[in-house]
Amino acid sequence: MAADGLHVDRTQSNAMNLQVLKRQDADVMEIVDTASHVVMYEFDQDAQSWKRKDVEGCLFVVKRHVSSAPRFQIFVNNRLSTTNMTLPLDDRLQVDNVDSFLILRSPDTTYSSGYAIYGVWFFPEEDRAKILQLLQRLIQSLKAPQNATIADATPTKAQSPDQTQNLKQQTSQPTQQQQERPPSQSRNRGRSRNKREDSKRRGTNTNQPTAILQRSPKGKRSNSSSSGGSANGSTKQENVQASGMVPISKADGIAAGEAIMGMISQNRPQVHKQPASPVNKEQLKQTLIGLLDDAQFFDQIYHAAKRGRSEEKKEASLIRPTKLVKIEPASETKSYTDAAQSDRRLELLLGLYEARKSKETPIDKFGTHACVAPGVSNAKVERFQLLVAALLSSQTQDPITYAAMQRLHQLGETDEGLTIEVVQSTSEEELGKALKPVGFYHRKAHQLKRVAAILRTQFHGDIPRSLDEILQLPGIGPKIGRVITLLAWGHVAGIVVDTHVHRLAQRLGWASTTTPENTRKELEEWIPREHWGNLSLAVVGFGQTVCTAKHPSCSKCPLAAKCPSAFKVDSSNNSKNKSTQKTRKRRIENK
């Protein structure tokens, strides 16, 4: 039951992500793969140095409509601002893996060199290898049409023996990359190869069919997977090794189509219904042939057959149950209710994201991410400044925190701004003056001195990576700790829930809790993980400008039509309660 629940969550997550991407680009058809969190860097070709871009968030590799260019695209959903980043994925894109970064060399005419160089840092690191392999596979498939002339290299009757011999010598030199392909991948193609050979033996036409497309083989063909030791088979094998491409003929496509039709008929559940109208098999075959322009098509055939076998085994195990379980109708009704409620919440979340695109809010201009000194170039210094800004933001409005950080940057004598050395060389009294009127500025000045000493002696002048270590620093609680790990290291340790997120979660029906911590736990139960990092920035800005605490602008809110609390928030009660509290406080002071 738990596995089924995870499957439903992933399906909802993919559907919601696809809706978000389609609003950015209407030509997006599907999401090929994702990476949960990336940080983008760009190489300054004039200064010959790397600079961090203001772009980080979830990365998507998407497929677009056939008539659109480019056919594939890299999309980074930026959580730092409403400006996202897209890169065209075509045969000119160059990718490489250097240290802990994925390097992208993308053609760009705005640069004098004709290209831009980007570095992508991934968390978790496993996503980097996955995306690298995907990009290499897609780029190779996009380059496939350039090798289409290989299909015409088969000798004809008009060619002389000398020409035939020269052609074999030219096409019998496999590259080193082809020789090093893993042998396990050749087994993935075995079934499709056998189907094509069987179809050729059944055919009556002895002439070689005209090639209609090509695909890139995943691994080197072994002798056992070929049709034998015939001259025709050996020639075809040499052509494969030379070009790295396998010509797919019409007969091969029909054979693959028959294999898919048989596989579908085996995996389709048997349901007793009225006989359906006859299907035009030839038209169906031609439709299946049209699918062969996808480089991942044969992988999908193999994995579909593999899933079919696993499902058959699962069904066989279910035939012999060891215990009868009674299914209560109430549980089924509850699952439908939960699914409907989840859809409504996701719809509101998507609507909020859409509303935030065109609205600049205080957190966009003065948030923690904006408090870094403009001239900072040292990564350690940048992380320290993010930590200080997050520490000061507690019980303080964003513009006040931003102004205090600018005064702290002026204490330094370089463009780097505030550093650990500057904090240690400045007295606590001077720090307090620079921090005022930040909430509890005397206490925070003292905490800042202690934090700088700990980082200098225990962490070599840098901030710790893990949330547990960050929480050991003075003045940093769980919420601030999650902000620091997210902004400084790109690590999403959970949803950041402040008063704005907590308030909007109750009003929008996302949670029914009394504390921000319980709200965080409830939100993380249904919001897809790839949206955890973006949620706080979007919701806080919306709460600062539209769904405010005292007087929410329900008449101007784009979510009012679907919000369960629209026009129901009684701001007069809040004002009355605060007035009563002030009156009680004055009475106590007078006594």
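Predicted model: local features only at pLDDT ≥ 70, side-chain atom pairs only at ≥ 80, totals over all residues.

1. Helix 16 against helix 17. The crossing of the pair is right-handed.

2. Residues in that contact. From helix 16, the residues involved are Glu428, Leu431, Gly432 and Leu435, and they meet Tyr441, His442, Lys444, Ala445, His446, Leu448 and Lys449 of helix 17. Sorted by class, the contact of helix 16 with helix 17 holds 5 nonpolar, 3 polar and 3 charged residues.

3. The link between these helices. Pro437 sits in the loop between helix 16 and helix 17. The peptide bond leading from Lys436 into Pro437 is cis, and its omega is near 15°. Most peptide bonds are trans. Please look at this loop when viewing the model.

4. Where is Pro124 placed? Pro124 belongs to the loop that runs between strand 7 (115–123) and helix 2 (126–143).

5. A positive phi. Asp99 has phi near 55°, a positive value in a residue other than glycine. Most residues other than glycine have a negative phi. Asp99 lies in the loop between strand 5 (94–98) and strand 6 (101–107).

6. Helix 20 against helix 21. Residues 499–507 form helix 20 and residues 516–526 form helix 21; they pack at about 60°, with 10 Å between their axes. These two helices are therefore oblique to each other. Their crossing is left-handed. Val501, His502, Ala505 and Gln506 of helix 20 make the contact with Pro516, Thr519 and Leu523 of helix 21. By class, the contact of helix 20 with helix 21 has 4 nonpolar and 3 polar residues, with no charged residues.

7. Helix 20 against helix 22. The axes of helix 20 and helix 22 cross at roughly 80° and come within 8 Å. The two are therefore roughly perpendicular to each other. On the helix 20 side are His500, Val501, Arg503 and Leu504, which meet Leu535, Ser536, Val539, Val540, Phe542, Gly543 and Gln544 of helix 22. The class count for the contact of helix 20 with helix 22 is 6 nonpolar, 4 polar and 1 charged. Val501 of helix 20 is listed both in the contact with helix 21 and in the contact with helix 22.

8. Cavities. How many cavities of 30 Å³ or more does a search of the whole structure find? The search finds 6. The largest cavity contains about 260 Å³ of space.

9. Lining of the largest cavity. This cavity is lined by 15 residues, and Asn77, Asn78, Ser81, Tyr353 and Ala538 lie nearest its centre. Which elements each supply at least two residues of the lining? They are helix 1 (2–24), strand 3 (72–78), helix 11 (329–356) and helix 22 (532–545). Helix 22 gives the largest share of the lining, 3 residues. By class, the lining of the largest cavity comprises 4 nonpolar, 7 polar and 4 charged residues.

Definitions and conventions: Residues numbered from 1 in each chain as written. Heavy atoms only, no water. Left-handed = near helix turned anticlockwise from the far one by under 90°. Helix = DSSP H or I, 4+ residues; strand = E, 2+ residues; numbered from the N terminus. Contact = heavy atoms within 4.5 Å. Nonpolar A, V, L, I, M, F, W, Y, C, P; charged D, E, K, R; others polar. 1 Å grid on protein atoms, 1.4 Å probe; cavity = no way out; pocket = protein on both sides within 12 Å on 5 of 7 lines; lining within 4 Å. Points joined across faces, edges and corners; volume = space filled by probe spheres on them. Axes fitted to C-alpha atoms, helices over the stretch in contact; angles between N-to-C directions. Parallel < 35°, antiparallel > 145°, perpendicular 65-115°, else oblique.
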